[in-house]
Each structure stands twice: as C-alpha cells, then as structure tokens.
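Colleague: I am new to this structure. Please take me through one part of it closely.

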Amino acid sequence: MRLSTTPAVLVLEDGRTFTGSAYGAVGETVGEAVFVTAMSGYQETLTDPSYHRQIVIQTAPHIGNTGINAADDESRQIWVSGYVVRDASRISSNWRSEGDLETHLAEAGVVGIKDVDTRALTRHLRDKGAMRMGIFSGPAAEADPGTMLETVLATPPMAGSQLADEVSVSEPELVPAVGEAKFSVAAVDLGIKAMTPQRLAERGIDVHVVPASVTFEEIRALGVDGVFFSNGPGDPATADEQVALLREVLGARIPFFGICFGNQLLGRALGFGTFKLPFGHRGINVPVIDRTTDKVEITAQNHGFAVDAPLEGETTAPADPDFGRVVVSHVCLNDDVVEGLQCLDIPAFSVQFHPEAAAGPHDSDYLFDRFVDLMSSRA
C-alpha cells in the first residue's frame, strides 16, 4: 500500500484552499468540484462516465477499505478528473479485493488529495454552490497561489459543456438477452454504466448500445421494440442532436425510457427547460416519491442539472401538442426537484435517478419492468 506524504493543495475558484497529501498520481488537475454522499461504492463512482470533468469529494471519511476489483467497474476507465478523500485506508480488506485503491488511481493517472477536511469542504460547497476546483501536488503544489487560482479559473464551467460524445462508444455493441430474447432495445450511450444494459438483458432484452451520434434511421434499421437514453455528463441544454432524435422517436410512438441525462433530454424534447442545481444530487441515499404508487424509495443519483416542469397537474407538451399530456411522476423529497416524467398519451417515461444502482439501493428495479410492460403493450 502506498503511504504518500507528498504535499498537495486544493484550490477552489473562490480562492479558498485546503492542504493535504497526494493521493493517487502526483501532478495537477482541474474540474468541477462535486461531493458524493455514498458510504460505499467508490469504485462504481470513479468509473461512472457522468463524472467526466468533475473532481469527486467523498463525504464518507474512510475510503479504500475494500480495495478494488475488475468486476465492479461501471465502464472501461476511471472518468473523474480528480479525487478528494479524508482518511485513505491503509489496508484493503475484502475477499474480492484485487488491489488497493491508491495504487489503482496512480496507475490510471488520477490526481487526488487525502487528509482533507471533507466535511468543511462539503459545507462550503453547500453554502456557495458547485464551483471549479484544482488539485496540485508535488512540484505543482509549490507554485504561487495566484498562479494556481488562475489555472482553476481558466477551466471551462460545466454549464454549456457538451460532453456526451466524449464518453460514448464509437461503434454499436450488443449485450445479448439472458435466456430467451423477448424484446430488443436501442440504448443510446450518453455515458451509460455497464449495469444498465445488464439489468435490461436480465429481463430478456437484446440491448444494442449505440453511439450518442446515432441517427433515427440507424435506430429504425435495428428493428428495435424500444429506445433507451442513458445517464451522462455535461449540460443537457447543449444536446440538441439527441433532443431532435428523441422527438423523432416520440413522434414514431416507439416506447421510450430514459434515466438521468435521458430524463433531462425527454424534458427538453417535450418542450420543458433545464437548469443547473446549486450543488446537485450525488449519492445512494436520496429519497424520492413515486406519485403513481405513493411509495417512497431511496435512490442512487448523480446529476447537477434538472428539468423545469410543473410539479402539479397535467401539462400538454409545450414542444408539440401531438405528444399529448405529461405529468411529473417522481419528486425528490429533499428539495422538490423533478425526478421523473410520464407521458400519458404516448409510450414514454423517464426518471432522474439510477434504477440500475450497482452499489445499491435497489428500490427502483421495478422501473425496468415498467419499460418491459410498456413494450409489451405496444407489441
């Protein structure tokens, strides 16, 4: 296990700094500072493409306890721009462990910092909002503080960033159904996590994972029974091509299901706006009510943007009255943020959270069954 004492400095765009020791690779990195409230699943967090160009702050104090393994990766690489922890575990104690986290981060070139008061840092971001941040370690930590701040301020903000194409597959991939194939789905990869097509495949679905640049004609050629839009990074206001594609899907009455970024794009396709949250929802402990059942579920979330749609009553889709009526199906109980949309006259729905939840919880598994039911009703 690496026990680095190399000095490191964390610099926020408002000038506040924190000191600590290098964790992972030594050097410098910049990105949007976001905090994650999950107490487990750090490997799934690191490999979630939705964290592209973000520096993740773990609010749980002890990180690295269970090591790492190849089976728990949610994508082909680590996507976070940087990593911030308080107490890095000195041992990896788990029967599934194949290595320690700090060494893995170093080998992947991920610059991090440990021994940081992550509670104070998180409270600062809750008060001031998400902001850009840099981590500087080794020789980079000896630079003039003003120079480090200039580096942070030169970083593009997340608002206005178009990132889905940077994390998407370049060629279609097939995840075959487990057992008999009952349906086929085109899953548009905007930053998809590996467990999502797996959850679909477990329900007898052949999943065609297709690039973010896929056209409606290419989806039609696959002869699929449904279309799925995944989670992903960046500002949904920049995803005009995917919104145009989704409007064609909705117009053709092809059953649609979207999660996270996909929920925001369904909102845009229907004619609603999106906006940036002060500090977002990131963790595996966010309470949401499903208004169709009045049940409360604990959800896994990772988003910094949200849909601006009326919370009460039915609304005719502003973009096109042919899309019919829309209701907000799920709402966050912490802050009344829209957590789901349901179309009443066309076969489409979406949620803002992550029902695949590889690290848990699994309260929302039923949503994949709803998608199957939606395709069954249209068969």
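Which residues does F305 touch, not counting residues up to four places away in sequence?

Modeller: This is a predicted model, where local features need pLDDT of at least 70, side-chain atom pairs count only at pLDDT 80 or more, and totals for chains, interfaces and linings use all residues. Residues are numbered from 1 along each chain as its sequence is written, and side-chain values use heavy atoms, with hydrogens and water left out.

F305 touches M158, A159, G234, D235, P236, Q264, F275, K276, L277 and Q352, with residues up to four places away in sequence not counted. Contact means heavy atoms within 4.5 Å. F305 sits in strand β16. Strands are DSSP runs (E, at least two residues), numbered from the N terminus. With 6% relative accessibility, F305 counts as buried; that means under 20% relative accessible area (1.4 Å probe, protein chains only).

Now the annotation. The unreviewed UniProt entry marks a "binding site" at S50, G232, G234, F261, Q264, N302, G304 and F305. Such annotations may be inferred rather than shown by experiment. The marked residues span 256 residues in sequence, yet no two of their C-alpha atoms are more than 13.5 Å apart, so they gather at one spot.

Strand β16, residues 295-308, holds N302. At 5% relative accessibility, N302 is buried. Leaving aside neighbours within four places in sequence, N302 is in contact with D48, S50, Y51, C260, H281, R282 and H354.

Note on methods
Helix = DSSP H or I, 4+ residues; strand = E, 2+ residues; numbered from the N terminus. Buried < 20%, exposed > 50% of the residue type's maximum accessible area, 1.4 Å probe, protein only.
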